[in-house]
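Open the model in your viewer and keep the sequence panel in view. Follow the stops in order.

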Amino acid sequence: MMHITFYWCNKVTLLFDFWRTDSWSSYALALLACFIVSVFYQYMEDRHQRFKILSSKSKKNYPPSSSNVTVNTPLLYSFPTVGSVWNSARFATAILFGINSAIGYMLMLAIMSFNGGVFVAVVLGLSIGYLLFRTGKEDVVVVDNPCACA
């Protein structure tokens, strides 16, 4: 039976038919797995953000120094050529984004089992992962302005 409201029970089916819990020990292991995957999700998000910052530092795409930049900007985005933007850093960032998205959707589907313990395990895992891996770095802003025009 599929629940549409939160319930608190040790019998839950997570993501796949073969991942069913029927005892308190299997339920605790399932909650531990949800917690660990949630912490890992925050770790991967941090790695993705750091890799994105590092790969953006390597390329130098500065706008032209003319005063009418908005006039020179095309209305439609042109598809980049093979040598200009398609480098290994961009490809790796796209792979990390895909992995992060898959893990995030799996966590969402686990919460949609509507089991209260799964919900608490995922939220606690995300919170602790954020505390461990992602706090303190959001307020740092690096400004790189090569055309110090003033």
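**Stop 1: the start of helix 4**

Select Asn115, which caps the N-terminal end of helix 4. One of its side-chain oxygens lies 2.9 Å from the backbone nitrogen of Gly117. Bear in mind that this is a predicted model.

**Stop 2: along helix 4**

Now select residues 116-133, which make up helix 4. The helix has 18 residues. From first C-alpha to last it reaches 25 Å, close to the 26 Å expected at 1.5 Å a residue. Colour the buried positions: Gly116, Gly117, Val118, Ala121, Val122, Gly125 and Gly129. An α-helix has 3.6 residues a turn, so residues three or four places apart point the same way.

**Stop 3: the core**

Keep Val118 and Val122 selected. Both are among the residues that touch the most other members of the largest nonpolar core, which has 14 residues. Helix 1 gives the most, with five residues.

Next, centre on Leu107. Which residues does Leu107 touch, leaving out those up to four places away in sequence? They are Cys34, Val37, Ser38, Tyr41, Val122 and Leu126.

**Stop 4: Gln42**

Move to Gln42 in helix 1 (residues 24-58). Is Gln42 buried or exposed? Its relative accessibility is 8%, under the 20% cut-off, so Gln42 counts as buried. Show its contacts beyond four places in sequence: Leu126, Gly129, Tyr130, Phe133 and Arg134. Of these, Gly129 is also one of the buried residues of helix 4.

Note on methods. Residues are numbered from 1 along each chain as its sequence is written. This is a predicted model: local features need pLDDT of at least 70, side-chain atom pairs count only at pLDDT 80 or more; totals for chains, interfaces and linings use all residues. Side-chain values use heavy atoms; hydrogens and water are left out. Helices (H or I, at least four residues) and strands (E, at least two) are DSSP runs, numbered from the N terminus. Buried means under 20% relative accessible area, exposed over 50%, partly exposed in between (1.4 Å probe, protein chains only). Contact means heavy atoms within 4.5 Å. The expected span of a helix is 1.5 Å times one less than its number of residues. A polar contact is a pair of N or O atoms within 3.5 Å; within protein, one must be able to donate a hydrogen and the other to accept it, and residues adjacent in sequence count only if both atoms are side-chain atoms. A nonpolar core is a set of buried Ala, Val, Leu, Ile, Met, Phe, Trp, Tyr and Cys residues joined through side-chain atoms within 4.5 Å.
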